[in-house]
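Reader: I have a two-chain model on the screen and would like to go through it step by step. Please keep to what can be read from the atoms.

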Amino acid sequence: MNILYTLKEGVLGFRRARLSMVVSIMTITMSLLILGLFALFYRNTSSIMQSFRDRIEMEAFIDQSAGEDAYQPIGKRIRAIPGVKSAAFISKQEASEIFRREFGEDVHRVLDFNPLPASYKITLEAEYRNPDSARAIHQMLSAIPGVDDIIYRRALLELIEKRSKVFVLTCLAVGILLTIGAVFLVSNTIRLAIFSKRKTITTMKLVGATRMFIRMPFIIEGLIQGLVGGVCATGLMYASYAAASHLIGPELYDFITIEPMLYPLVLATGLALGFLGSVISIRKFIGENVM
Amino acid sequence: MVKLSDVSFTFDGQKIFDRAACEIHRGEFVSLVGSTGSGKTTLLRLLIMDLMPSTGTVTVGNYISQHVTRKQIPLLRRKLGIVFQDFKLLEDRSVYDNVAFALYVTNARASNIRKRVLHALAQVGLSHKTVSMPNNLSGGEQQRVAVARALVNDPFLLLADEPTGNLDPVTSQEILKLLKDINAEGMTVLMATHNYDLVRKAQGRIVQIKDRKLQEVQLKVK
C-alpha cells in the first residue's frame with residue numbers, strides 16, 4: 001500500500017470537505033463531553049458512597065465481669081479474625097471521656113461509678129465492608145468469650161450496599177446507552193461526510209483499488225477527527241472546571257474532583273469514536289455496487 | 001479474451017439475460033447495441049464483475065466469474081479501462097491528478113506515475129490541460145480525460161458505456177475517432193451505445209441485445 005498517498009489523502013480529506021469535518025468534530029466533542037461528564041458524575045458519586053462505607057466501624061464491648069487481664073487476649077482474638085483491619089482498645093476510662101465529650105456530662109458524677117464497658121473499635125478491610133461479611137464477622141466476634149455485645153451501623157451498611165448496586169447497574173446501563181448513542185451519532189455524521197465522497201469511492205473501485213486502500217484514508221480522517229474532538233472536549237472540560245472553581249472557590253474540590261487520568265481517557269475515547277465511526281460508515285459504501 | 005457462456009441474469013425479479021452467449025477476441029472493436037433498458041450497462045457490470053450471473057459463466061482474461069474471489073476483482077479491474085457517459089471524474093482534483101489517481105490506487109511505482117500520466121494525456125491530446133480542473137473543461141475534453149484515465153493502466157480491454165451520450169454530434173465523432181485510434185493500436189474496445197449513427201461509423205462488429213439474448217447483427221447500408 002502506498003502509505004504516503006494514503007496519509008496525504010486522509011489529511012487532504014479535511015481540506016476538501018471542511019464543513020462536514022467541522023460538523024463531525026463538533027459531534028465527537030459533544031459526545032465526549034456528555035460521556036466525560038457522566039464519568040465524572042459516576043466517579044464522584046462512587047467515591048462519596050465509598051467514603052460512607054469507609055466510616056463503618058464495629059465496636060465490641062467487653063463483659064464487665066471480665067477482668068483487665070482478659071482485655072489483651074480478647075484483642076488478639078479479634079485481630080485474628082479474617083477481615084479485621086485494626087482493633088483499637090478503649091478502656092473504661094477512655095469510654096467515660098468520650099461520653100463526657102459527646103453528652104457534656106461526667107458519668108462518675110451522675111452515677112458515682114463508671115458503668116461504661118471497655119471495648120474494641122474495629123475497622124474492617126475494604127473488601128469486608130459489606131453486609132454479608134460484616135454479619136459473619138459479627139458472629140465470630142460474638143463467639144469470643146468475654147465479648148458481651150457488638151454494635152455497628154448495619155442498617156446504613158445495608159442501605160449503602162443496596163443503593164450502590166442499583167447505582168452501579170443504572171450507571172452501567174446509562175453508560176452503555178450513552179456509548180452506543182455516541183458511536184451511532186458519530187458514525188452517522190461521518191457517514192454524511194463520506195456520502196459526499198461516494199463518487200471518489202466509486203472511481204476508486206472502478207480503477208481497481210482494494211477495499212483496504214479505499215478504507216484507509218477515511219479511517220485516518222476519522223482518527224484525526226476523533227483526536228481533534230478529544231482535544232476540544234478535554235480543553236472544554238478543563239476550562240469549565242477551572243471557571244467553576246474560580247466562581248465557587250476552592251470548596252469545589254471537596255465535592256467534585258477530576259482525576260488526571262480522565263483527560264487521556266477522553267482523548268482515547270475520541271480516537272476510538274472516530275475510528276469506529278469511520279469503520280462502520282465506510283463499510284456501507286464499500287459494499288455498494290460501482291455502477 | 002471475453003466470453004459469455006449461457007449467461008442468465010435476473011435483477012429485482014426481472015430477467016435481463018436468458019442464456020446469452022457472446023465472444024470478443026483480442027484487437028476487436030465491438031459495438032454493443034440495444035434499446036434503453038435492454039441491459040447494455042448490466043452486461044458491462046457483469047464484465048467488470050460488479051454483478052455476477054445467476055447462471056452461466058463470464059470469462060474476462062484469466063478471470064472466471066464462477067471462481068473469482070472478492071480480492072481478485074480489483075486486480076481484474078486494473079486490467080480494464082472503463083469510460084462512462086457521465087465521465088465520473090473527481091471534480092476536486094486536476095486533470096493530471098484524475099489520471100494519476102488510477103495509478104496511485106493500484107500502487108504503481110511513484111517514479112513511473114508522471115511519465116505514464118503524461119503519456120496517457122498525450123494519447124488523448126490533452127497534454128496542455130494537465131493543471132486544469134474538470135469543471136473548466138468542455139464535455140469532450142472531460143471524456144478525453146476519462147479515456148486517458150482508462151488507458152493509463154495499460155488495460156487489455158476498454159469498456160465504454162454510452163461514451164458520447166452527453167456530447168454533441170461533432171464531439172461524439174471526435175471521441176469515436178479517439179476510440180478507433182486506440183483500437184488501431186491493438187486495444188480491444190467494447191462500446192455500448194444506442195446511437196446507431198455512431199455504430200455505423202465505428203465499422204466494427206455489432207452485438208445486439210434482443211429478447212434477453214446477444215446476437216450478431218449487420219447494419220443495412222443506406
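Author: This is a predicted model. Strand β1 (residues 2-11) of chain B and strand β4 (residues 55-60) of chain B run antiparallel and are joined by 5 bridges.

Reader: Which residue of β4(B) stands opposite Ser5(B)?

Author: β1(B) covers residues 2-11 and pairs with β4(B) in the antiparallel sense. The residue of β4(B) that faces Ser5(B) is Thr57(B).

Reader: Which strands stand at the edges of the open sheet of 4 strands in chain B?

Author: The order in this sheet is β2-β1-β4-β5 (chain B), and the pairing is antiparallel. An edge strand has a single partner, so one side of it is left without a neighbour in the sheet. In chain B this holds for β2 (14-24) and β5 (63-64).

Reader: At what angle to β1(B) does helix α1 of chain B run?

Author: Helix α1(B) spans residues 40-47 and lies across β1, β2 and β4 of chain B. Its direction relative to β1(B) is about 120 degrees.

Reader: Chain B has another open sheet, with 6 strands. Which strands are at its edges?

Author: Its order is β6-β7-β8-β3-β9-β10 (chain B), with mixed pairing. The edge strands each have a single partner, so each has one side without a neighbour in the sheet. They are β6 (80-84) and β10 (213-217) of chain B.

Reader: By how many degrees are neighbouring strands of this sheet turned against each other on average?

Author: The figure ignores strand direction, which matters for a sheet of mixed pairing. The average is 20 degrees.

Reader: Which residue of β8(B) is opposite Ser31(B)?

Author: Strand β3 (residues 29-33) of chain B pairs with strand β8 (residues 188-192) of chain B in the parallel sense, over 4 bridges. Opposite Ser31(B), β8(B) places Met191(B).

Reader: Which helix lies across β3, β7 and β8 of chain B?

Author: The helix covers residues 169-184 of chain B and runs at about 155 degrees to β8(B). The β7(B) strand that it lies across is 157-161. The helix is α6(B).

Reader: How many residues apart are Glu259(A) and Arg43(A)?

Author: The two form a salt bridge, with the closest N and O atoms 2.8 Å apart. Glu259(A) is in the loop between α10 (252-255) and α11 (262-287) of chain A, while Arg43(A) is in helix α2 (residues 18-54) of chain A. The pair therefore links distant parts of the chain, and the separation is 216 residues.

Reader: What area do chain A and chain B bury between them?

Author: Chain A gives 21 residues to the contact and chain B gives 27 residues. Carbon and sulfur atoms account for 59% of the buried area. The area is about 2,200 Å².

Reader: Which residue of chain A forms a salt bridge with Glu91(B)?

Author: Side chains of opposite charge can pair when their charged atoms come close. Between chain A and chain B the count is 1 salt bridge. The closest N and O atoms are 3.1 Å apart, and the partner of Glu91(B) is Lys199(A).

Reader: Which element gives the largest share of the side of chain A that touches chain B?

Author: The elements giving two or more residues to that side are α1 (3-16), α8 (198-206) and α9 (211-248) of chain A. The largest share is 7 residues, and it comes from α8(A).

Key. Residues numbered from 1 in each chain as written. Chains lettered and ligands numbered in written order. Predicted model: local features only at pLDDT ≥ 70, side-chain atom pairs only at ≥ 80, totals over all residues. Heavy atoms only, no water. Contact = heavy atoms within 4.5 Å. Buried area = accessible area lost by both parts, 1.4 Å probe. Salt bridge = Lys/Arg side-chain N within 4 Å of Asp/Glu carboxyl O. Pairing = 2+ DSSP bridges. Axes fitted to C-alpha atoms, helices over the stretch in contact; angles between N-to-C directions.
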